[in-house]
Amino acid sequence: MTEPIVVGVDGSTSSLQAVTWAAQEAALRKAPLRLVHAALRWAYDVPLVPQPAHWGPTEEAACKKLLHQAAEQARSDAPTLTITTEILDGNAAEAIATAAETAQLIVVGHRGLGGFTELLLGSVSHDLAARSPCPTVIVNRLRTTQDTEIAVGVTGRTDQDPLLEFAFNEAALRRRPLRAVHAWTHPTTRAPGDMQPLVYDIEDIGNEEARLLAESLGGWRERFPDVTLIEHVVHKHPGKALIDASETAELVVVGAPGRTMFLASTVRTLLHHAQAPVAVHRTSHARRN
């Protein structure tokens, strides 16, 4: 059975955008869509402080209505989808991460209904990007034009192979060009003990970084000959480079460390300011595509 795409739903505008994106993605992948809503079901009259929200028939009916509306929207976007809905018990990030253990992809909105409105990125989407057992897509806005591309951040490290496979697959599924963004700010060491030069030629280093990018992508060109590949090397902070790329992308794919609960500064910067949905692919993820 094909693994589902799981979508976190809370009724916010952001989560409904996530439903639309996920429905279209599920149709492309021919995957079932699983809509979930997390709730703390507290049915006991125990004097705790603070008192948990009570769970009863009214609250359950409201959650079911919310999921039903999300399912109807998904069907309007992709009528042939297999869609299931479920109310999960517990903290939103933990419950959705658990549900994602049997998923190929998890999709959430950029911001939910709770938290502080002045924050650009919601805590649930941040936590899921850092802990999800499968790639996580955070949707903040949808690209409506057709002249778009997929963008992916490339470091040149060998542990990025699963990330590149994901990005090339997305480009192939959507029949979009793939822009491989490699950003650098200063010469980097290639091996332990290497010394960074105090003075360097920007053009020479740029050419060296371009060769590194080309080597990283060499085998992928052969595996995906129908994907138009754009190699983009820029002397800029990686976060800023990916934010710039998001202005013309319908999806930005970025890697994150696989053995930590914390997101790197580049990923955090991108999630806060991207102009397109962002797929966070942890380096520990097994290949699912």
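The structure holds three aromatic pairs, where rings of Phe, Tyr and Trp (its six-membered ring) pair if their centres lie within 6.5 Å, with planes under 30 degrees apart counted as stacked, over 60 as edge-to-face and the rest as tilted. The rings of Phe168 and Trp220 have their centres 5.8 Å apart and their planes at 15°, so this pair is stacked. This pair links distant parts of the chain, since Phe168 belongs to helix 5 and Trp220 to helix 6 (residues 202-223), 52 residues apart.

The model is predicted, so local features need pLDDT of at least 70 and side-chain atom pairs count only at pLDDT 80 or more, whereas totals for chains, interfaces and linings use all residues. Residues are numbered from 1 along each chain as its sequence is written, and side-chain values use heavy atoms, with hydrogens and water left out. Helices (H or I, at least four residues) and strands (E, at least two) are DSSP runs, numbered from the N terminus.

**Aromatic cluster**

- Ring pairs join Phe168, Trp220 and Phe224 into a cluster.
- Phe168 is buried, with a relative accessible area of 1%; buried means under 20% relative accessible area, exposed over 50%, and partly exposed in between (1.4 Å probe, protein chains only).
- Trp220 also counts as buried, at 6% relative accessibility.

- Ten strands form an open sheet in the order 3-2-1-4-5-10-9-6-7-8, with mixed pairing; two strands pair if DSSP finds at least two bridges between them.
- The edges are taken by strand 3 and strand 8 (229-235), each with a single partner strand, so one side of each is left without a neighbour in the sheet.
- On average, neighbouring strands of this sheet are turned by 25° against each other, direction ignored; axes are lines fitted to C-alpha atoms, for helices over the stretch in contact, and angles run from 0 to 180 degrees between N-to-C directions.

- Seven of the seven residues of strand 2 (residues 33-39) are buried, so the strand is largely enclosed by the rest of the structure.
- Leu33, Leu35, His37 and Ala39 point one way from strand 2, while Arg34, Val36 and Ala38 point the other way, and all are buried.
- Strand 2 pairs with strand 1 (residues 5-8) in the parallel sense over four bridges, and Ile5 stands opposite Leu33.
- Between these two strands the chain passes from strand 1 through helix 1 (residues 13-29) to strand 2, and this β-α-β crossover is right-handed; that is, with the strands pointing away from the viewer, the path from the first strand over the helix to the second runs clockwise.
- Strand 2 also pairs with strand 3 (residues 83-89) in the parallel sense, over seven bridges.
- Leu33 stands opposite Ile83 in strand 3, and Ala39 stands opposite Asp89 in strand 3.

**Helices across the sheet**

- Helix 5 (residues 161-174) lies across strand 4 (105-109), strand 6 (149-153), strand 7 (178-184), strand 8, strand 9 (249-256) and strand 10 (278-282), and runs at about 175° to strand 6.
- Helix 8 (residues 265-273) lies across strand 5 (136-139), strand 9 and strand 10, and runs at about 155° to strand 9.

- Leaving out residues up to four places away in sequence, Arg179 touches Glu149, Ile150, Ala151, Val152, Ile230 and His232, contact meaning heavy atoms within 4.5 Å.
- Glu250 is placed in strand 9 and counts as buried at 10% relative accessibility.
- The side chains of Glu250 and Arg174 are joined by a polar contact of 2.9 Å.
- Not counting residues up to four places away in sequence, the residues that Glu250 touches include Trp21, Glu149, Ile150, Arg174 and Pro277.

**Loop residues with positive phi**

- Most residues other than glycine have a negative phi.
- Lys30, in the loop between helix 1 and strand 2, has a positive phi of about 55° although it is not a glycine, and counts as exposed at 71% relative accessibility.
- Arg175, in the loop between helix 5 and strand 7, has a positive phi of about 55° although it is not a glycine, and is exposed, with a relative accessible area of 75%.

Conventions:
Polar contact = N/O pair within 3.5 Å; in protein donor to acceptor, adjacent residues only side chain to side chain.
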